[in-house]
Every structure is written in C-alpha cells, then in structure tokens.
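Hi everyone, thanks for making time today. Let's bring the structure up on the screen and walk through it together.

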Amino acid sequence: MPVLNAPAPAQPLAPAADAARTHGAKLWLPKRVLFTPAALDEPYGQQMLARATALNLDIELLKSNRLTGLRGDDERATYRTAKTTLAVVNAPAGALRLQPTPPSADYQLNLAEGCPAHCQYCYLAGSLSGPPVVRAFANLPKLLENTQVYEQAGRFVSFEASCYTDVLGIEHLTGALGEAVKYFAGREGARLRFVSKYDHVETLLGLPHQGHTRARASLNAEPLARQLEGGTASIEARIQGLRRLALPVAQGGGGGYPVGVLLAPIMPMPDWQRHYGELFDRLQAAFDFDCDLTVEFVTHRFTPGSKEVLLGWYPNTSLDLDESTRAVKRNKFGGLKYVYDQPTMKELKAWFYAEWQRRFPHAPVQYWT
C-alpha cells in the first residue's frame with residue numbers, strides 16, 4: 001500500500017518545479033482545419049469557416065463526411081497529427097440522447113470532442129475512439145435546443161459542456177461556448193457548467209448569463225501543473241481568468257458569473273500539503289470579494305486502457321501509473337480503475353476538506369471522488 005510520504009517516483013519532479021509561473025496560454029492554431037459537407041450545410045458551420053478563414057488557417061473542404069488520413073506511422077506520429085487538426089463536423093444523431101454525468105452534472109452537453117492541451121494524465125485517453133482530433137460540432141443550435149427535452153419541473157437540471165473537450169481552449173475557433181452561455185441565460189430550469197485550463201475569458205466578459213452558467217478553472221499544485229499539463233495556461237493565469245469572470249462589472253470584472261474550482265487530479269506527491277496549501281493561499285488572495293464559489297475534488301485514477309494509450313502518447317512520462325501501489329475499483333459493468341487505497345484517500349480527503357473550509361467557509365464542496 002502506498003504511503004503519503006513515500007519517495008518520489010523514478011523520474012522525480014524537477015527541483016524548481018514549484019516556482020510559480022504567470023504566463024497565459026497561447027491560442028491554439030491548428031495546422032489543418034477540416035470541414036465536412038454536412039457541417040458546411042449548417043449556418044453555424046459557415047460561421048466557424050469564417051473564423052478559421054479570418055485566422056488564415058489551412059482549410060480543407062472535404063468531399064465526404066468521413067474523416068480519413070489521420071493516422072501516422074506509429075502512435076506518436078498519429079498523436080502529433082491529431083493534436084494539430086481541427087475537424088468541423090456534425091454531431092451524430094446519438095449525441096441528442098444525452099448521457100448522465102454524475103457527480104459533475106446531470107447530463108453531458110458535448111459542444112466538441114478532443115482537446116488541444118497535452119496533459120499527461122488525460123482523461124480522454126481510452127474514452128474517445130480513434131486519433132485524438134479536435135472535433136467541433138456545427139449543428140450547435142440543435143444540440144442546445146435538445147436540452148429542453150431534459151428539463152424537469154421543480155428543479156434545476158445541469159449540463160456539463162466539458163466532458164470531452166476544453167471548450168474555452170477552442171472558443172476562438174468555434175464561438176460555441178459563448179452561444180451556449182447566451183442560450184442558457186434564457187432557460188429558467190437549466191444550468192450550464194464548463195471547466196477549463198485556459199485563460200482566454202475575454203469573449204465571455206459581459207455576456208448576459210443571468211447567473212445560469214458556472215465557469216470553473218481546473219487547477220492543481222504548481223509542480224504537477226508545470227510537469228504534466230503542457231500547452232495550458234499557468235495556474236496563476238487560470239486563477240486570474242476565473243477572478244475576472246466572478247467580479248461584478250462595477251469592479252472591473254465580467255459580470256459576476258458563478259464560478260468554481262475543479263482540483264484535479266489530486267496526487268499525494270512528496271510534500272503535497274505544502275504545495276496544495278500554497279495553491280489554496282493563492283486562491284484566497286484572488287477571491288477576496290463576495291462571489292458564488294464552489295469546489296470539486298478529484299483524485300487521480302486510471303484504467304488499464306487509458307494507461308496503454310497514455311504511454312503510447314507520452315512514453316517518457318513521470319506520471320505514476322504503477323498498479324501495485326493502487327487499489328482496484330470496479331463498476332457495475334465489470335470495468336476497473338486504479339485508485340488510491342483507503343488510508344490514502346481518507347487522509348487526503350480530511351486534509352483537503354479542512355483546509356478548504358478554513359479558507360472558504362461559504363464555498364461548498366460539491367463532491368470528492
């Protein structure tokens with residue numbers, strides 16, 4: 001069984017890894033943007049074509065609705081090609097049958113699939129089939145309108161837009177998140193949720209959200225973010241972006257969005273209490289005003305399938321994927337994932353709850369997993 005003060009893994013964190021960084025994320029500009037004929041038949045697909053054209057991107061208008069030629073000579077080559085490709089397609093008919101996604105939200109609302117970031121623990125590994133191309137959905141209005149079918153009288157129904165993508169990381173190419181914010185502003189019984197590792201919040205500032213969208217930042221301890229989250233904004237930039245969304249317009253902000261912190265994936269690295277305590281201190285300094293703030297705690301876990309994919313993408317990763325130090329958790333369908341053992345989880349949970357509630361007594365913990 002692992003212990004929380006165990007030695008560092010074979011490839012330890014760099015000595016200066018905990019030095020705070022402040023850089024924002026670079027805009028993701030794919031090398032290729034593919035448009036299917038069906039996507040171009042959609043008015044919103046034409047809007048995304050105009051965005052790509054304005055950015056002088058290499059655009060290819062496909063002759064069929066199938067995406068082909070995305071694989072390279074090996075897994076790494078396929079990964080590199082896919083991660084620099086945006087495909088604008090229509091979401092399939094099955095996307096209108098929304099799937100539950102507890103504990104994050106009631107239902108998934110996928111505006112896109114695939115992510116431009118390079119997180120070495122990526123939860124999409126093994127979850128999406130085929131090369132990890134970013135697919136943006138041109139039939140966006142239909143996807144948004146379909147959420148009305150799932151609304152229920154007498155309660156708010158929540159929809160998670162970030163299950164299979166980072167919607168803010170591709171917003172400059174799609175505009176879909178802003179459209180969703182405006183759409184949900186007019187839905188009294190529905191709430192939109194999204195989470196991001198990017199800081200490009202400018203287009204969301206001042207939108208008439210009516211408090212119906214909760215913007216969340218995915219955060220982690222500084223050493224883990226530096227080592228494992230390539231292509232993303234720094235932790236400080238994410239915090240400041242979230243602060244801008246939470247601040248009222250009168251205080252120079254984006255209109256008082258409800259906001260949240262998704263702390264994930266929590267890892268009991270050496271000296272973890274100090275690193276996570278410093279993160280909480282930075283959050284406390286940034287959110288020194290009244291706002292609607294929540295937190296979600298997610299510990300690191302992986303499956304045999306995701307481990308295989310991740311090692312194909314990142315063969316030199318320092319991510320701890322040692323099954324022998326984990327407990328096995330099975331679902332009702334017989335699938336398994338490797339999680340931290342019960343003593344480790346108990347100690348982590350007690351510390352994170354206590355430290356969060358000490359600093360943010362009025363910001364509820366939504367769940368621990």
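**A walk through the model**

Let me start at N139, which sits in the loop that links strand 8 (134-137) to helix 4 (140-146). When I say helix or strand, I mean DSSP runs, H or I of at least four residues for helices and E of at least two for strands, numbered from the N terminus. Before going on, a word on the source: this is a predicted model, where local features need pLDDT of at least 70, side-chain atom pairs count only at pLDDT 80 or more, and totals for chains, interfaces and linings use all residues. Residues are numbered from 1 along each chain as its sequence is written, and side-chain values use heavy atoms, with hydrogens and water left out.

Buried here is under 20% relative accessible area, exposed is over 50%, and partly exposed is in between, using a 1.4 Å probe and protein chains only. Setting aside residues up to four places away in sequence, N139 touches E42, N90 and A91, where contact means heavy atoms within 4.5 Å. A polar atom of the N139 side chain lies 2.9 Å from the backbone nitrogen of A91. That falls under my term polar contact, a pair of N or O atoms within 3.5 Å; within protein, one must be able to donate a hydrogen and the other to accept it, and residues adjacent in sequence count only if both atoms are side-chain atoms.

Five strands form an open sheet in the order 2-1-3-8-6, with mixed pairing. Its edge strands, each pairing on one side only, are strand 2 (59-61) and strand 6 (112-113). Two strands count as paired if DSSP finds at least two bridges between them. Strand 3 (residues 85-89) and strand 8 are parallel and share four bridges, and V89 has F137 in strand 8 as its bridge partner. Helix 2 (residues 43-54) packs on this sheet, touching strand 1 (32-35), strand 2, strand 3 and strand 8, and its direction makes about 160° with that of strand 1. For such angles, axes are lines fitted to C-alpha atoms, for helices over the stretch in contact, and the angles run from 0 to 180 degrees between N-to-C directions.

Helix 3 (residues 75-82) has A77, T78, Y79 and A82 as its buried residues. These pack against strand 3, strand 7 (118-119), strand 8 and helix 10 (304-313).

What about strand 13: how many of its residues are buried? Eight of the eight are, so strand 13 is largely enclosed by the rest of the structure.

Strand 13 (residues 259-266) runs parallel to strand 14 (residues 293-299), joined by six bridges. V259 stands opposite L293, and L262 stands opposite E296. Strand 11 also pairs with strand 13 in the parallel sense, over five bridges, and there S218 has L262 as its bridge partner.

Helix 8 (residues 235-246) packs with helix 9 at an angle of about 30°, their axes 10 Å apart. That makes the two helices roughly parallel, the word for angles under 35 degrees; over 145 is roughly antiparallel, 65 to 115 roughly perpendicular and the rest oblique. On the helix 8 side, the contact includes I235 and I239; on the helix 9 side, L279 and L283 are among the residues involved.

Last stop: R238, also in helix 8. R238 counts as buried, at 2% relative accessibility. Its side chain makes a polar contact of 2.7 Å with the side chain of E229. Beyond neighbours within four places in sequence, the contacts of R238 include D199, S218 and T232.
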